[in-house]
Structure formats: structure tokens, C-alpha cells
Amino acid sequence: MANLDNKVILTVAPTGAWPTKNETPFVPLQPKEIADEIYACWKAGASIAHIHVRDDEDKSSMNFDKFVETVNLIRATDCDIVINLTTSGQLGLEDEARYRHLIELKPDIASYDCGSMNWQHTSVFENSPRFLEKLGNVMQECNVKPEIEIFDAGMISNAVYYLKKGILKAPLHFQFVLGAAGGMDATVENLVFLKSLLPENCTWGALGIGKGHLPIMYTALALGGHVRVGMEDNIFYSKGVLAKSNVEFVERTKRIVNEMGKEIATPAEAREILNIQK
Ligand code: ZN
């Protein structure tokens with residue numbers, strides 16, 4: 001077995017719920033565009049694809065058919081990238097609309113947003129106790145690994161509670177999402193603090209939104225965490241310069257990781273690190 005201590009899992013999140021073609025013409029929004037972009041990111045070395053879909057008008061969506069089409073396009077190729085599907089692509093939905101695609105597609109991973117918060121000062125990002133219990137149980141039944149997204153410190157305590165209740169199973173995997181308006185800011189100090197709250201025997205990664213993107217990536221790498229890049233979090237390669245493709249972020253991250261004396265995990269290695277058995 002390869003030594004995995006030196007491996008960094010690189011997730012690419014090419015689409016997200018937010019950017020439109022107005023903000024950046026380079027964001028992939030429809031299934032074929034998303035699948036092609038993920039294929040190119042996989043060729044460039046990405047370990048995991050975190051996938052959102054849009055409706056026919058390119059608006060943020062949990063459209064079941066779009067998820068099926070996108071994932072099937074990826075699976076029809078030789079690409080073995082780890083598939084991570086969002087459960088939070090659209091606010092205000094019924095519970096079932098947020099996990100129906102998991103039952104159908106049985107991805108390796110799906111997001112598990114471990115608490116509610118005010119979202120961008122305009123709405124509520126609701127993840128009620130009822131929903132989190134249902135979602136955790138569905139994910140166990142479908143053998144989908146939860147990626148526990150943490151926007152604020154108390155959400156870690158929620159995860160530990162659901163672990164004790166059996167709704168989540170060890171080893172847990174956390175994703176710190178920093179810099180969303182309504183959640184914790186994307187600062188080095190916040191990431192160091194959050195890491196100190198983690199339970200034992202878990203894995204974790206982090207991302208910073210917008211200008212927090214690079215500081216959080218460097219901090220996560222220094223602290224031994226995994227990383228995420230992509231237009232869901234940040235559309236600029238550098239100040240005022242749009243990334244022309246998510247591949248640019250993947251390639252840059254690979255260079256940074258290599259310069260630190262580490263390597264990007266292959267999808268197979270990522271599955272091993274995250275204890276994903278498919
Ligand atoms: Zn997402």
C-alpha cells in the first residue's frame with residue numbers, strides 16, 4: 001500500500017450555485033459543459049469533483065435530471081474521479097428534493113451541511129434537525145460518505161452529536177467553508193481554531209471564498225489538511241483576472257502542493273484516505 005501521509009486530496013468545485021455567465025463566461029453550467037470540465041480537471045490531477053447543477057435558465061437548482069445527466073456523462077468515460085454531489089444547491093426545498101439524487105446515483109460523497117445559518121444576509125440556509133437525521137440515514141443506506149460542511153464553529157458540535165446518535169459514522173470527514181457571508185470569515189486564525197475543535201480520527205479539508213481562497217489553501221496545507229478549488233468558491237485567478245477554466249486552479253494547486261514536498265492524491269488514493277468503499 002502506498003504511503004498516504006504525504007498525499008493531499010484536491011477537490012474541484014467547478015460550478016456551484018452562484019456564478020452566472022455574466023460574472024464569468026468560463027463557468028460550466030449545463031451537464032455537458034460540467035462533465036467536460038471535470039474530465040479536464042481530472043486529467044490535470046484533481047481527486048474529487050464537487051458537483052452542482054443548474055436549471056435550463058442556468059439558475060441554481062437541485063434538478064434531479066440534470067444530476068443524472070451530468071454524472072452519467074462522467075461515468076461514461078474512463079474518468080475515475082471521486083464524485084461528490086451537493087445536497088444544498090437550492091434554498092427552500094422539501095427534504096426529499098435534496099437527497100433523491102443520492103438514492104438514484106449513489107455517489108462516493110455528498111455534502112452534509114451540519115447546521116442552519118443566515119445566508120448572505122438575505123435568506124436562511126436551513127438544515128433542520130429533522131433534515132439532518134433523514135439525510136444522515138439516507139447516506140448510510142446508500143453508502144454515501146458525508147462531507148460535513150462547517151460554516152461556523154458550533155456545527156462541529158452538531159456533527160459530534162450526530163456521531164454519538166449513530167446518524168453519522170466514524171471516521172468523519174469535514175470541509176471548512178470559510179468566507180461565506182453569515183458564516184466564519186476566511187482567516188488563518190479561524191482555520192487554526194476550527195481544526196483544534198475536531199474530534200480524533202477524522203479527515204478534513206478547507207476552502208476560502210473569494211479573496212480568502214489562497215490564504216486558506218496555504219493554511220490548510222500547512223496544517224495537514226486537504227484543499228478545494230474552483231469557480232464555486234472563486235472565479236479570479238489573480239486580482240481582476242478571471243480564470244479561463246477550472247483547470248487553471250487545479251494546475252496551480254498541484255504546483256503549490258509539489259513545492260511543499262507533497263503530492264496530489266489520485267482518486268483511488270482519495271477513496272482510501274476517506275475510507276470510501278464502493
Ligand atoms: Zn457546493
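In this predicted model, the charged end of arginine 252 is placed over the ring of tyrosine 237, at 4.0 Å from the ring centre. A second contact of this kind involves arginine 100, whose charged end sits over the ring of phenylalanine 64, 3.7 Å from its centre.

Aromatic rings also meet one another. A search of the whole structure gives seven aromatic pairs. One of them joins phenylalanine 125 and phenylalanine 151: the ring centres are 5.8 Å apart and the planes stand at 85 degrees, so the pair is edge-to-face, given that planes over 60 degrees apart count as such. Phenylalanine 125 belongs to strand 9 (residues 123-125), while phenylalanine 151 is in the loop between strand 10 (145-150) and helix 5 (154-165), so the pair ties together parts that are 26 residues apart in sequence. Phenylalanine 125 has a relative accessibility of 5% and counts as buried. Phenylalanine 151 is buried too, with a relative accessible area of 4%.

Another pair consists of tyrosine 161 and tyrosine 162. Their ring centres lie 5.2 Å apart with the planes at 75 degrees, so this pair is edge-to-face. Tyrosine 161 is partly exposed, at 45% relative accessible area, whereas tyrosine 162 is buried, at 5%.

The next site is the metal. The zinc ion is coordinated at 2.1 Å by His50 (NE2), His52 (NE2) and Glu232 (OE). Along the chain, the donors follow the spacing H-x1-H-x179-E. Histidine 50 is part of strand 3 (residues 48-51), and glutamate 232 is in the loop between strand 13 (226-229) and strand 14 (236-238), so the pair ties together parts that are 182 residues apart in sequence. Both histidine 50 and glutamate 232 are buried.

That leaves the cysteines. How many disulfides does the structure hold? There are zero. Cysteine 41 is in no disulfide, and the nearest cysteine sulfur to it, that of cysteine 79, is 9.7 Å away. A disulfide requires the two sulfur atoms to be within 2.5 Å. Cysteine 79 is likewise in no disulfide, its nearest cysteine sulfur being that of cysteine 41. Cysteine 41 is buried, with a relative accessible area of 0%, and cysteine 79 is buried with 10%.

Key:
Residues numbered from 1 in each chain as written. Predicted model: local features only at pLDDT ≥ 70, side-chain atom pairs only at ≥ 80, totals over all residues. Heavy atoms only, no water. Donors = N, O, S within 2.8 Å, 3.2 Å for Na, K, Ca; no water. Helix = DSSP H or I, 4+ residues; strand = E, 2+ residues; numbered from the N terminus. Buried < 20%, exposed > 50% of the residue type's maximum accessible area, 1.4 Å probe, protein only. Phe/Tyr/Trp six-rings, centres within 6.5 Å; stacked < 30°, edge-to-face > 60°. Lys NZ or Arg CZ within 6 Å of the ring centre and 35° of its normal.
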